[in-house]
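Trainee: I'd like a close look at one part of this model, but give me the whole chain before you zoom in.

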Amino acid sequence: MHGYRAGTAFDGERFLRDGALVLVEGGRIVGVEPATAPAPEGCAVTDVPGGTLLPGLVDTHVHLCADGGPRALDQVPELDAARLDAVVTAAEQATLRAGVTTVRDLGDHHWTVLDRTGRDGARPTVVAAGPPITSPGGHCWSMGGETSGVAALRRAVRERAERGAGVVKVMASGGLLTPGTDLTACQFTVAELRAVVDEAHRSGLPVTAHAHGLAAVERCVAAGVDGIEHCSCLTPAGVRLPPGLAAALVAGGTAVCPTVGFLPGVDPPPHVQARMVAAGTTVEAHLAHVADLHRAGVTLLAGTDAGIGPAKPHGQVAYAVADLVGACGVPPAEALTAATSRAARACGLGGRTGRLVAGHDADLLVADGDLTADVTGLQRPRVVVARGREVAPAA
């Protein structure tokens, strides 16, 4: 048994007034006590004065096949199996060192990530979607998920369920990183999206949809998807969030991952910036839109779109939390919930991680400083534990 103690603690839902001593044995949390409680006899304790103890972070939107470089996704089809495997391994290690112990991979290249999920060793818990379902020539078509028509879409969902996917990802609109696609255009009809949702739910899988255009977001809501990625609500005239749409997102309990978490001072590659300008959006406009979603009561997740470019390296959930708090007006405890317990539930792992409770995986992070006063302390991990195994934190 080993203990981890800090005078400030967040249990995945709320700050604990008396801090916490978390007891770990066999990869599981076996007890959570106030920081002042004595450790059991013979139990070594890692004390972290001036730190905040919380569950390991959860990133609900990553691309482990992408290396965070200027051509992160473009280069993937050019890599042989060994090089792609090395990219995924490096992404997993960077993720862990930052205190992110669980990820949901929403853009796999020909099953590369999904086929790794049974591997042992020090890596994050990975919930993988396989290749995202997209239209022929649609967003991220090169990943191998091109499909069209209701019958074919149902078959595509069944294939993912049979291969062990934990979530179904569908591209409802075009995307910034795929030239020739239109961010404001829809890639599937409502009937097609409903077929994806129906087939996925038959298999016990949730569906999350990439959607930038307002029309695509509206179709996703009408189809009953469980989550929406980006949810940019773009129109030819700019960003628009109709009150009725916001109310529908709230009523449906649709989890929105707005993929915030931009590294300060790092701009997207020029070709991505050009497409953003053409679409009439900016990072600042998107953050203002996310603030509107929050004020409307929409459920937000702190996923990042990790790996897609220099502004989105792996393991940067801490920056998503900082954006939610600083730019979007989300209270610190709620922003931390979006990166822990709520994110774990979105990954289908709410009974396993994301909380400091006995019986959960021993996924822990001790961040620098008092997060009740400054959430940017998340960017400075001091102790990282993944399923009971300590990981050297990022310098």
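Trainee: How much accessible surface does the protein chain have, and what share of it belongs to carbon and sulfur atoms? After that, please go through helix α4.

Mentor: About 14,400 Å², with 52% of it on carbon and sulfur atoms (Shrake-Rupley method, 1.4 Å probe; for residues, only the protein chains shown count as cover). Keep in mind that this is a predicted model, where local features need pLDDT of at least 70, side-chain atom pairs count only at pLDDT 80 or more, and totals for chains, interfaces and linings use all residues. Numbering runs from 1 along each chain as its sequence is written, and side-chain values use heavy atoms, leaving out hydrogens and water.

Of the 395 residues, 57% count as buried, that is, under 20% relative accessible area with a 1.4 Å probe, protein chains only. The chain has 10 helices and 19 strands, taken as DSSP runs (H or I, at least four residues; E, at least two) and numbered from the N terminus.

Now α4, residues 214-223: L214, A216, V217, C220 and A223 are its buried residues. An α-helix has 3.6 residues a turn, so residues three or four places apart point the same way. Their cover includes α3 (190-202), β12 (207-213), β13 (227-235) and α5 (243-251). Just past α4, G224 takes a positive phi of about 80°.

Conventions: Buried means under 20% relative accessible area, exposed over 50%, partly exposed in between (1.4 Å probe, protein chains only). Contact means heavy atoms within 4.5 Å.
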